[in-house]
Amino acid sequence: MNLVIDVINLFKEYRNTNNLAVNGISFNIEEGEVFGLLGPNGAGKTTTISMLCGLLQPTKGDVLVGGMNFKTHPNDIKKIIGIVPQDIALYADLTAYENLRFFGNMQGVKGTQLKNRILELLDVFGLKQKAEQKISTFSGGMKRRVNLIAGILHTPKILFLDEPTVGIDVQSRNVIMEYLVSLKQNGMTIIYSSHHMEEAEKFCTRVAIIDHGKIIVIGTPKSM
């Protein structure tokens, strides 16, 4: 068993509101797993994802990614993870290509390699002809596709997805899920938050159901 993520008694309290968003959760994820975090809005999914990928500091507990934690090896961890947030993290006045070039440079992908990677992924997601159009002209589903591409340009070993198909059209959902299945088949470790059990049943190897900041149960989708 090769553990890539180990979550140890994790808490997150927002002191100004006395809101215990995550309440002592523990679990681990093996290399190549697709691990789903399922639960209703406000259950603690986004807060958990944010702590797992280093965007939010826990109140208590620890997260190990590849055997490292963010206190001592933040840059090493950032090199091996990709993050696709729930909110669209794109610049509306830039084109799709300009957005992806910006994020690729941040991830350490440069020059011809980056150009080829951007065009390859835009083509896969049906957006190559839209490369020079501003994001402000894109539909919600098209923005979701570009948002996903931005998180995988550097081909991360571990991918964090926070509700990547929320509020989009069926076509965009199908395109995104088909590509995520291909990443799964190629052995990428994926942590995926959603409130769609039907997606989890088709996509996840294991699922944790979370509510009020606590994990209720962990198991395979078929056992739920």
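Predicted model: local features only at pLDDT ≥ 70, side-chain atom pairs only at ≥ 80, totals over all residues.
1. **Strand S7, burial.** S7 spans residues 189–194, and six of the six are buried, so the strand is largely enclosed by the rest of the structure. Side chains in a regular strand alternate between the two faces of the sheet. Both faces of S7 are covered. Thr189, Ile191 and Ser193 are buried on one side. Ile190, Tyr192 and Ser194 are buried on the other.

2. **Strand S7, neighbours.** S7 pairs with strand S3 (residues 34–38) in parallel, through five bridges. Here Leu38 stands opposite Ser194. S7 also pairs with strand S6 (residues 158–162), again parallel and over five bridges. In that pairing, Phe160 has Ile191 as its bridge partner.

3. Helix H6 covers residues 170–185. Together with S6 and S7, H6 makes a right-handed β-α-β unit.

4. **Helix H1.** H1 (residues 45–52) is mostly covered, with seven of its eight residues buried. The buried set is Lys45, Thr47, Thr48, Ile49, Ser50, Met51 and Leu52. Lys45 is worth a look in the viewer, as a lysine on the buried list. Gly54 follows the helix and has a positive phi, near 85 degrees.

5. Tyr91 sits in the loop between strand S5 (81–84) and helix H3 (96–106). Its relative accessible area is 45%, so Tyr91 counts as partly exposed.

Conventions. Residues numbered from 1 in each chain as written. Heavy atoms only, no water. Helix = DSSP H or I, 4+ residues; strand = E, 2+ residues; numbered from the N terminus. Buried < 20%, exposed > 50% of the residue type's maximum accessible area, 1.4 Å probe, protein only. Pairing = 2+ DSSP bridges. Right-handed = clockwise from strand over helix to strand, strands pointing away.
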